[in-house]
Amino acid sequence: KRPEGHFAAKLIEDAGLKGRRVGDAMVSEMHSGFVVNAGNATAKDILDLIDVVKNEVYKKFNVVLEPEVKIVGE
């Protein structure tokens, strides 16, 4: 989601996370607001990458990012 007063993709890019990978889940090189499957990403890879992004953005900018998608399951 777009945090109030900020753009999520810009925060992610400014944190140096474009192209960051966990397994085959990757922050898109084209638009850092998207997580893409670079091959055989698992749901765990994607969720772990989302956590990495959220933590890094919070550490660098003190902004909490929230996914725009609803995560269901375990």
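User: Before we start, what should I know about the model and its numbering?

Analyst: The model is predicted, so local features need pLDDT of at least 70 and side-chain atom pairs count only at pLDDT 80 or more, while totals for chains, interfaces and linings use all residues. Residues are numbered from 1 along each chain as its sequence is written, and side-chain values use heavy atoms, with hydrogens and water left out.

User: How many helices and strands does the protein have?

Analyst: Helices (H or I, at least four residues) and strands (E, at least two) are DSSP runs, numbered from the N terminus. Here you'll find two helices and three strands, in the order α-β-β-β-α along the sequence.

User: What is the radius of gyration, and what does it agree with?

Analyst: It is taken over C-alpha atoms, and the globule rule is 2.2 Å times the number of residues to the power 0.38. For 74 residues, a compact globule would have a radius of gyration near 11 Å, and the protein's 12 Å agrees with that. Its C-alpha atoms fill a box of roughly 35 × 25 × 20 Å along the principal axes.

User: What is L49 in contact with?

Analyst: Contact means heavy atoms within 4.5 Å. L49 lies in helix α2 and, leaving aside neighbours within four places in sequence, is in contact with R20, R21, V22, A25, M26, V27 and V35. L11 is 38 residues from L49 in sequence, with 15 Å between their C-alpha atoms.

User: Which residues would show me the other accessibility classes?

Analyst: N37 is partly exposed because its relative accessible area is 47%. I71, in the segment after α2, counts as partly exposed at 46% relative accessibility. N62 is exposed, with a relative accessible area of 56%.

User: How do I read a pocket?

Analyst: Rolling a probe the size of a water molecule over the atoms shows where empty space is left. On a 1 Å grid over the protein atoms alone, using a 1.4 Å probe, a pocket is an open set of points with protein on both sides within 12 Å along at least five of seven lines; lining residues have an atom within 4 Å of a point. Grid points are joined across faces, edges and corners, and a volume is the space filled by probe spheres set on the points. The largest pocket here has a volume of about 610 Å³. Of its 23 lining residues, G33, F34, V35, P67 and E68 are the closest to the centre.

User: What kinds of residues make up that lining?

Analyst: Ala, Val, Leu, Ile, Met, Phe, Trp, Tyr, Cys and Pro count as nonpolar, Asp, Glu, Lys and Arg as charged, and the others, Gly among them, as polar. The lining of the largest pocket divides into 15 nonpolar, three polar and five charged residues. Both α1 (8–14) and α2 (43–61) supply at least two residues of the lining, and α2 gives the largest share, six residues.

How values were computed. Buried means under 20% relative accessible area, exposed over 50%, partly exposed in between (1.4 Å probe, protein chains only).
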